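Biologist: Good morning. Could we go through the model together, one topic at a time?

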Amino acid sequence: MQTPKEIGAIQFGLMDPETYRDMSATKVITADTYDDDGYPIDMGLMDPRLGVIDPGLQCRTCGSHSGSCNGHFGHIELAAPVIHVGFTKLIRRLLRSTCRECGRLSLTDEESEEFRDGLTRTEELGEDWTDVLKSAVRQARKANNCPHCGAPQHDIKHEKPTTYYEVQDVLAGDYSERIASAMQPDEDDEDDAGMAPSTLADQTGIELQRVNQILSGEFRPVGDDRKKLEKALDVDLTEEDMNKLMPSDIRDWFEDIPNEDIVTLGIDPNRARPEWMILTVLPVPPVTARPSITLDNGQRSEDDLTHKLVDIIRINQRFMENREAGAPQLIIEDLWELLQYHVTTFIDNEISGTPPARHRSGRPLKTLSQRLKGKEGRFRGSLSGKRVNFSARTVISPDPTLSLNEVGVPERVAREMTQTMNVTERNLERAQQYVRNGPEGHPGANYVKRPDGRRLKVTEKNCEELADKVEPAWEVNRHLIDGDIVIFNRQPSLHRMSIMAHEVVVMPYKTFRLNTVVCPPYNADFDGDEMNMHALQTEEARAEARVLMRVQEQILSPRFGQNIIGAIQDHISGTYLLTNGNPHFSETQALDLLRATSIDTLPEPAGEEEDGRPYWTGRQLFSELLPDDLNLEFSSSTGDDVVIRDGQLVEGTIDEDAVGAFGGEVVDTLAKVYSKTRSRVFINEVASLAMRAIMHFGFSIGIDDESIPEEANEQVDEAIQSAYDRVQELIEIYEAGELESLPGRTVDETLEMKIMQQLGKARDSAGEIADDHFTDENPAVVMARSGARGSMLNLTQMAGCVGQQAVRGERINRGYEGRTLSHYQREDLSAEAHGFVENSYRGGLTPREFFFHAMGGREGLVDTAVRTSKSGYLQRRLINALSELEAQYDGTVRDTSGTIVQFEFGEDGTSPVKVSSNEKDGIDVENIADRVMDAEFTSDEEKERFLGRREPPTNLSEYAGPGLDKAQSTEVESDD
Amino acid sequence: MNRQDRRAVSRQYFSQERLAEHHFRSFNNFLERGMQEVVSEKATIETDIGDKEGEEPVYVELGDIRVETPRVREADGSEELLFPQEARLRNITYAAPVFMEMSIIRGGEEEEEVVVDTTETKVGRMPIMVGSTKCNIHNLSDEELVEIGEDPVDPGGYFIVNGSERVLMTSEDLAPNKILAEYDTKYGDEIQVAKTFSQRRGYRALVLCERNREGILEVSFPSVSGSVEFVTLVRALGLESDEEIVHRVSDDPEIVKFMLENLEEAEVQTEAEAIETLGKRVAGGQGKNYQLKRANYVIDRYLLPHLHEDGVEEEEVRINKAFYLCRMAEACFELALQRRDSDDKDHYANKRLKVSGDLMKDLFRTALNKLARDVKYQLERANMRNRQLTVNTVVRSDVLTERLEHPIATGNWVGGRSGVSQLVDRTDYMGVLSHLRRLRSPLSRSQPHFEARDLHATQWGRICPSETPEGPNCGLVKNFAQAMELSQNIEDEQALKRELASMGVEGIPGIEGPDPTNTPADD
């Protein structure tokens, strides 16, 4: 196996044509690929010296076979230089800033020096030096004459993509006509009598004879004469002349640029010479980079790059022939342009202004730059992201019988994903059995590997035979079996709990099964969600996954330092029903409740019923799941104080605050004080017990559960009516102009606020009235109280009054002019005209209320839709910015270059999952110390001795503290 | 209304004919009048024949257009009526042949104009909406439909192209030819803008009238880069005197004050000067005559094109354009003075729906232009080779057919809009019904556009408050309410204007008011 090489640095520069030739395996002169026998043509595009792709052939350069030979570059000698499209901007910049005669930079030495300093300075500061470069070019472009040789400079016009012109003002061809017409008297203007040639001669100081010659077109006035004439007659005698710069001209020009000058332009002369931007030799990529594929019918289909190279060679050949035959300049230029076009599209086929080179079918060719660019390009598509082997994806569904550490894997997936098994004497029989089962049978094997490295596919036919051959030192790729560790993931992977390791349980059917308690960390539900699974392929990966990534290791979330896995929904309703009011259970009932847990003996009964049968209480049964030495006191969201003493729930109701995901006290404590394994067992069993409990009691909700008695309805109506009255009062005050505005608000805003306040109160009191009429057994109340699902607000809306509908935090104000709906008068400020829904969901909304409710509801929908896309993008940006930060062993957080970002991780060096979740008493040192002591020492005596030991202080001056005789070790420590 | 009555009304609205009613009305209207309108707009196809010396010019006159009902041409050349189910099963297009009268006319230069050839020829095939008047199953009874293998409860309202059923999505655009006043910010300052999307015959021009932070009004419209001073522009349009400009904007003293500021800043005083200044803007650096020509052209062509009308002199329209601009100015000032609120773009009064017929009209217009270009080319080629010029040889019917079918098949409409036609959702019957009554806002779904996505109170009774997709299209894709009625454009604008004129409205170009001479200019 090849050892990986470490890349020290990457430097980008231009390549010398000589280097192209040196590294070239062969010169390519033939545009054909294969001869009639299907053998690659010598010095053709598929020359065997460029590497081999057909199996069995040998590379003529390195001697290796296909697969191990990376391929070798060849080269094409271009008949004429052509411009490299990737550098057109730089070429333009160089043309504009250097002298056309001597090639020197059109800056004085001092200026040049200054810009060079500027470059080094910005580079030292680690800033972007493009601004300095640009200003240097701008400065150099200004020069009309070269400061070194004095030659006049012309402006350069760049016609995209690869044509450059020198623009100069020359005397127009019709100069005599222009002068003559300027000398004619203006017909409209009577004062203008025109100008006689003699006057012109006087004014310009040109001899009259010369002037006449000029007028007759015999003499061309150039230089000063021209300027004088232009001034005297106020005409423009010039026209722009565009002189095309051929690539060879540019190359000659660039060759003259001295090394010192290009430094100022930001080019390192050691790595790049400007003339190398004009190609004279074209490297031919190795065959391995443009493999041809053999179609089913035996025809070969070549890669796009090969097609393009064929074009280039053909034109190159024609160019040379034509030139040798002495073809006219026009034809040569056309061919040159054609060659330029082909080389350009070979490099980049998406240049604006150039028609893309197309395949015969009309599809644009995918050439070099298209291979690299964009989402599907080499960088984003092949290097940063790839397709993954040993991964599976399917729909998820719940299975409460699984442990939270497990995942149900469909057999079909298990048969596809394999684990490598090294055969030894001890597992030989198992390995043989796997192979014998073949690829179709479950636990089977798909491949075996012989010690000589040969891989054999296990098929239904050869499996028996192969199984007998398996010996120690073979490798068997066996199917996934129960207990294997796999990685399980749901996108979007927003936190680390989105990717966790699970143990496999192979199951029938086609979905991944998972315990419902792991839904919160994955944010999964079963409405069609799909998840990915990855089978791990190395022992290290499996070990790491098992130790660090298993679900039970992720019970505590680093996001808020408390458990993210715990009981949810019906589990919470279940424990609530079980422990609230501490109901009694007979022996059968108690055993039934506990039967899904690992508890197989009942505790002593709590007492006896009147008829003498023993009974157990709900709290007692719940306590069976707790460790025997757990002591915990907290107040639950239900409102009572929960007391757990020595593993017995003495008092209180178990609800969301006790066992729920997102910070259930009991789960949290178990995970922190006991072990992850203990808390995993607890969560599993609570879930099972709770499901039994909720089934025991029965739990359902219907529309009648939200009904309140008629008198309650009247009370609600009354409450709302009185709110209406208060609103009306407010409106009257406002209309009388007596409403006092709140600080920082206008009167209108104040009114709105006050109305909203009143209406909010109305809904609340409606809620209270409704609440008073609900019994504690009401399932909706149970769910809301226990925190299983829903809130009292939901209940209020169902039974009491839906309340004010709002859009962007305000009452509904938009709509028709001056009113919301056409059902109301204009400028009606009343509650109902602005979206107050006085009915309850149970009672039914009026059409208008329904519409207002839809308006408020729409806002919510839009909000979620917009937020998800926004948060996804924000997440992506955050990850990109933070991905390379790493906490080092010294506690600092550094980026890849070693720059310290934080001196201590999180500025405090603590892991959120290791600190107490209770903010008021922080870390309970006392308690922890006691626990450590208990574990460390068996007898109280030893403990006493340890605690009583007094280490003498070590950092005291010998003159302070106890006398020398008592401080034995002061000398040794004195260097503090 | 009691429950029974409501139920009866509801049934009526949910009846067979009502479900895709808006599609039928729109498409039938297109077939009956829209197509002919487009042809009449085009009227002639000019050619380059006659540019050379001694050659007589040739042009083509377009006459009446006629659409048959869908039929299919078999390999043996026979032509048969085509029914939708057959089109679906055979993966062919449910389209009807279109015939047009065309006359090739030569002469006019030296010789007299001679009609060389005049024929009604097949110019192409028009995809026909299932259930429209030109559809072969139109007005068939349920029994007859069953007899020929059609589904009697199918709502229709879609096209069949290459066997796939495509609905044209109704699109919801901002109302054209309406002044909308809004606040905007420019360089950090709040400014007032009055906007009008002026639309005529498929040409859409946005005219903006801005009141910048100095209080100067500026107008921008297509083909002029940047903006032109309001006063300059109205003077160029022939509203010359200070008094009249102010009066036409408003008589409100505060607005008059604002207007005086503008007049003081004005660069020009006369119409001629104004046109000259405009000329410099639109054709800077060119010859003076050209500048003037260009300025006049730009004013008549690109500024508020919706005020033009057939048979009305351009000069007459100009002053109306000036008046219109004055109204825009007034809107800006009123906004600045907080006399009015900014217009609500999401108000349904400011929305117009483009239904299948309108979309097909756009398509047919470009297709006809393409055909015209092809006819021109064919004519010139035939002329070069000295062939006899006949209508039948120069019209290639594939050109129009291709231009009509391809956009419907792919959804890539003219003007770069995509997704205009969609495959009918046949998940279930309800899916079809919902799909036929769906409408789409052209706003980009990637931007938040919170306000546009809101359920607006004016959608009451028109748009379903509940049915909108979740996700990126939320609130942008909507569905009609059950009892929605879609009103259509008036058929005869001239009649409307005459009616208005008889009621005392003045200044409608091309229409004589009751007594225009006696009434004074104001009020």
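This is a predicted model: local features need pLDDT of at least 70, side-chain atom pairs count only at pLDDT 80 or more; totals for chains, interfaces and linings use all residues.

Biologist: At what angle do H12 and H14 of chain B pack?

Modeller: Helix H12 (residues 356–384) and helix H14 (residues 397–410) of chain B pack at about 150°, and their axes are 8 Å apart. The axes are lines fitted to C-alpha atoms over the stretch in contact, with angles from 0 to 180 degrees between N-to-C directions. The angle makes H12(B) roughly antiparallel to H14(B) (over 145 degrees; under 35 is roughly parallel, 65 to 115 roughly perpendicular, the rest oblique). Helices (H or I, at least four residues) and strands (E, at least two) are DSSP runs numbered from the N terminus.

Biologist: Which residues of H12(B) and H14(B) meet?

Modeller: From H12(B) come Leu363(B), Phe364(B), Thr366(B), Ala367(B), Lys370(B), Leu371(B) and Asp374(B), which meet Val399(B), Leu400(B), Arg403(B), Leu404(B) and Pro407(B) of H14(B). Contact requires C-beta atoms, placed from the backbone, within 7 Å. The residues of this contact comprise 8 nonpolar, 1 polar and 3 charged (nonpolar: Ala, Val, Leu, Ile, Met, Phe, Trp, Tyr, Cys and Pro; charged: Asp, Glu, Lys and Arg; polar: the others, Gly among them).

Biologist: Over to chain A. How do the axes of H3 and H4 of chain A cross?

Modeller: The axes of H3(A) (residues 109–124) and H4(A) (residues 130–142) cross at roughly 170° and come within 10 Å. H3(A) is therefore roughly antiparallel to H4(A). Glu111(A), Phe115(A), Gly118(A), Leu119(A) and Thr122(A) in H3(A) meet Val132(A), Ala136(A) and Gln139(A) in H4(A). By class, that contact has 4 nonpolar, 3 polar and 1 charged residues.

Biologist: How many residues of chain A are in contact with chain B?

Modeller: 16 residues of chain A touch 17 residues of chain B. On the chain A side, helix H30 (residues 847–882) gives the most, with 10 residues. That side of chain A divides into 10 nonpolar, 3 polar and 3 charged residues.

Biologist: Now strands. What order has the open sheet of chain B?

Modeller: Its 5 strands run in the order E10-E11-E12-E13-E14 with antiparallel pairing (two strands pair if DSSP finds at least two bridges between them). E10 (180–186) and E14 (228–229) of chain B stand at the edges with a single partner strand each, so one side of each has no neighbour in the sheet. E11 (residues 189–200) and E12 (residues 203–211) of chain B are joined by 9 bridges, and Ala194(B) has Cys209(B) in E12(B) as its bridge partner.

Biologist: Which strands pair with E8(A)?

Modeller: E8(A) (residues 391–398) pairs with E17(A) (residues 530–535) in the antiparallel sense over 5 bridges, where Ser391(A) is the bridge partner of His534(A). E8(A) also runs parallel to E16(A) (residues 512–514), with 3 bridges, and Ile396(A) stands opposite Phe512(A) there.

Biologist: And what do E21(A) and E22(A) form?

Modeller: They form a hairpin with 5 residues between them, and Gly639(A) in the turn has a positive phi of about 115°. E21(A) (residues 632–635) and E22(A) (residues 641–645) pair in the antiparallel sense over 4 bridges, with Leu632(A) opposite Ile644(A).

Note on methods. Residues are numbered from 1 along each chain as its sequence is written. Chains are lettered from A and ligands numbered from 1 in the order in which they are written. Two residues are in contact if their C-beta atoms, placed from the backbone, lie within 7 Å.
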